[in-house]
Amino acid sequence: TQCISGCVCPAGLVLDESGDCIPEEDCPCIHNEAMYQPGEKINVDCNTCVCKNRKWECTQDECLGTCAVYGDGHYNTFDGRRFSYNGNCEYTLVQDHCGKSDMTNVTFRIITENIPCGNTGTTCSKSIKVFLEVRSYELILHEEHFSVVKRGQNDEVPYTVRYMGIYLVIETTSGMILMWDKKTSMFIKLSPDFKGQVCGLCGNYDGNGINDFTTRSQSVVENVLEFGNSWKVSSTCPDAYSIKDPCSTNPYRKSWSEKQCSIINSNVFAACHFQVDPTQYYQACVTDACACDTGGDCDCFCTAVAAYAQACSEVGVCIAWRTPSICREFYVT
């Protein structure tokens with residue numbers, strides 16, 4: 001309960017939860033249903049907020065843009081547009097210097113290779129290629145391994161590699177960060193310097209999600225298949241097509257999937273529900289768990305829940321959801 005003003009207190013004082021009259025500047029602030037005292041600080045995205053006079057005063061720094069790619073072809077663009085696309089090919093996720101045939105000035109380009117991950121037509125990211133400095137460096141992330149192919153003569157390495165929890169993290173000197181879970185999920189973060197300067201399946205990062213479906217030819221379309229197919233690396237790959245709901249194809253998996261994925265809507269993630277809407281993450285989890293019918297069904301479920309947990313972490317809500325019985329592979333006691 002926060003402080004309230006009322007006639008029981010003298011002018012300039014307010015009533016606290018204990019019924020005492022105190023100065024307004026001594027009142028706490030609320031964040032994620034937790035109470036913070038005046039002067040206490042929290043981190044929200046890349047900004048720091050201080051509790052003052054019952055309100056949060058936050059710095060106004062521009063944060064990195066984030067594109068998420070996870071599970072069975074789920075995408076969340078830099079500008080927050082969510083869609084699903086299942087294509088069996090290599091695709092450009094993001095690059096700069098768009099709409100030009102001359103690639104010599106491209107600072108970076110990230111390509112994903114998607115392959116079928118079940119019998120229902122859904123596809124998952126199998127490998128990732130990161131090209132840096134006009135293809136001088138090619139970073140390859142494949143089957144839980146990381147390798148580098150160097151083609152240029154420049155001895156100054158334009159990236160660093162580190163591990164953070166379950167993620168392998170690549171950070172470049174140009175302002176790009178790639179987080180990879182060594183399976184089917186990745187998060188690409190870009191400096192605000194790249195706003196409006198990129199293209200690909202991750203969108204154009206111009207602050208407007210409406211025009212994110214911009215094709216390779218720089219035309220804005222509404223159809224996700226037309227958009228996705230335009231970003232194939234090779235024109236010889238077949239176009240993607242609409243697939244039937246995996247839970248309809250595999251009805252025997254639906255109840256299991258809904259039960260497993262209910263953790264996203266449960267009290268485990270309650271602190272995050274007001275910050276990040278769980279609805280679409282839950283639906284994606286159920287779809288993925290139904291679709292993974294050729295083995296690895298627990299991987300698909302864990303990846304989907306981890307995607308929601310990461311989205312919560314991005315807004316400053318860290319959830320300890322893994323247990324010895326739930327996605328215990330990365331459980332830490």
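How much space lies in the largest pocket?

## Basis of the model

This is a predicted model, in which local features need pLDDT of at least 70 and side-chain atom pairs count only at pLDDT 80 or more, while totals for chains, interfaces and linings use all residues. Residues are numbered from 1 along each chain as its sequence is written, and side-chain values use heavy atoms, with hydrogens and water left out.

## The largest pocket

The largest pocket holds about 1,200 Å³ of space, and of the 47 residues that line it, A309, Q310, A311, S313 and E314 are the closest to its centre. A pocket here is an open set of points on a 1 Å grid over the protein atoms alone, where a 1.4 Å probe fits and protein lies on both sides within 12 Å along at least five of seven lines; lining residues have an atom within 4 Å of a point. The volume is the space filled by probe spheres set on the points, which are joined across faces, edges and corners.

Helix α6 (297-314) gives the largest share of the lining, 7 residues, and the elements that each supply at least two residues also include β8 (65-70) and β16 (159-164). Helices (H or I, at least four residues) and strands (E, at least two) are DSSP runs, numbered from the N terminus. By residue class, the lining divides into 28 nonpolar, 9 polar and 10 charged, where Ala, Val, Leu, Ile, Met, Phe, Trp, Tyr, Cys and Pro count as nonpolar, Asp, Glu, Lys and Arg as charged, and the others, Gly among them, as polar.

## Disulfides

With a disulfide taken as a pair of cysteine sulfur atoms within 2.5 Å, the count comes to 10. One of them joins C67 and C202, whose sulfur atoms are 2.0 Å apart; C67 lies in strand β8 and C202 in the loop between β20 (198-199) and α1 (224-230), 135 residues apart. The torsion about the S-S bond of C67 and C202 is about -75°, so this disulfide is left-handed.

C318, by contrast, is in no disulfide, and the nearest cysteine sulfur, that of C312, is 9.2 Å away; at 68% relative accessibility, C318 counts as exposed.

Notes:
Buried < 20%, exposed > 50% of the residue type's maximum accessible area, 1.4 Å probe, protein only.
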